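Welcome! Take a look at the structure before you start.

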Amino acid sequence: MNFIALIFLPMVPILYYSSIKNLKYNKNILLGTSLPWEIVENGNEDIDKLISKIKFQIKILMAIMSISIILLMFYIIDSSIYIFIMIFSFLLLPLIFSKGMKDLRELKKQKGWIGDRNYKRISDLSLYTKNLESEINSYMLIIPIAIVLFISYIEFINSKYLGRLSTGIIILISDILIFFIYKRQASKSYTYDSEKNVKINQYEKINKTNLSYYSTVFDAILYAAFIYFYSKDIFNTALIIAYFSIIAISKIWIFKSFIKDRERIDEILRKVDEKFVPEIDDIYDYWGYNDPTDSRIFIPDPINIGNTSINRGHPKGKAVFYFGNLTFALLIIFTLVYFVFIGKMEFQTKLSNEKINIKAFPYSYEIEYKDIKVLNLEDSMPDKKSIRTNGTATENIAYGFFQIEDIGKVRLYYHTGKKVIYIETDKDKIFLNQKTDDKTEKLYNEIKSHIE
């Protein structure tokens with residue numbers, strides 16, 4: 001059983017929950033579309049049917065993702081098919097929301113609904129006299145940064161391996177970015193009632209800033225604990241699953257907290273006669289936020305609660321948007337090429353008079369006969385736990401750098417389920433075989449003749 005596949009399972013509930021939460025009203029906005037407040041307060045049958053349809057499509061997509069993970073876990077499909085399904089799902093999900101936005105705006109046009117296009121732009125000057133800043137200062141980020149950098153440094157010194165450090169560092173960077181977005185968010189006026197404006201900004205700005213900071217600290221501590229225990233037993237798959245499961249649960253809890261604050265804001269606005277929420281249809285399209293009058297580059301996404309949106313109306317925001325999407329497109333292309341072609345490339349072994357030449361892009365290697373200290377032909381790989389540290393592995397072939405329990409770091413060039421040649425030099429331990437046992441035995445005898 002491929003237990004590593006279980007690591008991907010927490011991704012499904014996170015993606016599902018974050019998707020479903022975006023099908024709820026944010027003030028008078030639903031699916032990037034401004035609607036009259038009477039629709040928000042009294043409901044509408046046509047909108048309910050549209051939302052139910054989108055929820056059903058999302059559930060089908062999540063079911064496909066879950067099934068693909070289970071199939072990967074039992075080796076029914078290989079990793080290239082799984083990656084294709086995941087990429088397809090991640091590309092299809094925003095299309096579902098874009099189609100929903102299009103349908104809702106068409107419904108709005110058919111019904112003749114008018115949002116708050118002619119809203120009054122007001123400014124509650126009293127907000128500037130009140131302290132609407134979080135008590136958490138930016139310099140307090142030193143705490144989670146120091147935790148992550150310290151544990152990463154210690155781990156790198158001990159293992160010389162950066163692979164498992166990338167997860168914590170990427171999460172830290174994203175947490176810090178979200179913190180600064182909420183921290184720098186300006187106070188806004190929603191009504192003529194200053195007290196209500198203060199309360200709404202408390203939920204909209206201060207609460208989110210505080211929660212994003214505490215989430216950053218929690219993620220840093222969790223990462224440090226994971227690295228500490230994982231370094232003691234790098235073959236502990238249960239620890240990896242537990243780590244990602246806790247991350248999933250914590251993110252879902254944050255989403256729920258954001259939604260509760262959104263519901264509190266909606267409850268406040270329902271009790272206000274004049275609500276000043278702008279028509280968003282003109283500044284939020286299928287590609288996201290686009291407001292030339294907004295000086296911010298990154299903003300809290302007005303639709304996807306807890307997410308960040310890039311303002312394409314700002315020149316720098318437009319550059320970031322196109323660069324990010326180009327990078328994402330190239331990453332998808334590279335991933336597909338790697339798993340479909342490079343990841344399945346056969347390694348080749350050729351012998352010369354002086355050395356063994358193993359060609360396996362990008363893990364090619366040469367072994368000089370004079371350096372070989374141990375040469376054995378084994379019936380199979382050692383019956384030990386192993387993990388890939390830097391290499392490629394499918395159900396049928398694996399090559400690159402691996403860690404094997406009680407043996408340590410090895411170079412592996414291996415066709416699954418076949419006899420294997422074990423080679424040891426002063427610097428490396430190598431496991432090498434060919435497609436068939438006969439070819440492996442022949443290769444072993446040829447190498448042996450060169451070193452005798």
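A residue counts as buried when its relative accessible area is under 20%, and as exposed when that area is over 50%. Keep in mind that this is a predicted model.

**Exercise 1.** Find the place of Asp 103 and decide: is Asp 103 buried or exposed?

*Solution.* Start with the location: Asp 103 belongs to helix H4, which covers residues 79–111. Next, take its relative accessibility, 17%. The cut-off for buried is under 20%, so Asp 103 counts as buried. Finally, look at its neighbours: leaving aside residues up to four places away in sequence, Asp 103 touches Leu 50 and Lys 53.

**Exercise 2.** Work out where Leu 31 and Asp 406 sit, and whether each is buried or exposed.

*Solution.* Begin with Leu 31, in the loop between strand E1 (29–30) and strand E2 (33–34). Its phi is near 55°, a positive value in a residue other than glycine. With 4% relative accessibility, Leu 31 is buried.

Now turn to Asp 406, in the loop between strand E12 (397–404) and strand E13 (408–415). Asp 406 also has a positive phi, near 70°. At 67% relative accessibility, Asp 406 is exposed.

**Exercise 3.** Which residues make a nonpolar surface patch of about 360 Å²?

*Solution.* The patch is made by Leu 326, Leu 330, Ile 333 and Val 337. Take Leu 326 as one of them: Leu 326 lies in helix H9, residues 315–340. Its relative accessible area is 52%, so Leu 326 is exposed.

Terms used:
Residues numbered from 1 in each chain as written. Predicted model: local features only at pLDDT ≥ 70, side-chain atom pairs only at ≥ 80, totals over all residues. Heavy atoms only, no water. Patch = residues over 30% accessible without salt bridge, like charges linked within 9 Å, V, L, I, M, F, W, Y side chains within 5 Å. Areas by Shrake-Rupley, 256 points an atom, 1.4 Å probe, with all protein chains shown as cover. Salt bridge = Lys/Arg side-chain N within 4 Å of Asp/Glu carboxyl O. Helix = DSSP H or I, 4+ residues; strand = E, 2+ residues; numbered from the N terminus. Buried < 20%, exposed > 50% of the residue type's maximum accessible area, 1.4 Å probe, protein only. Contact = heavy atoms within 4.5 Å.
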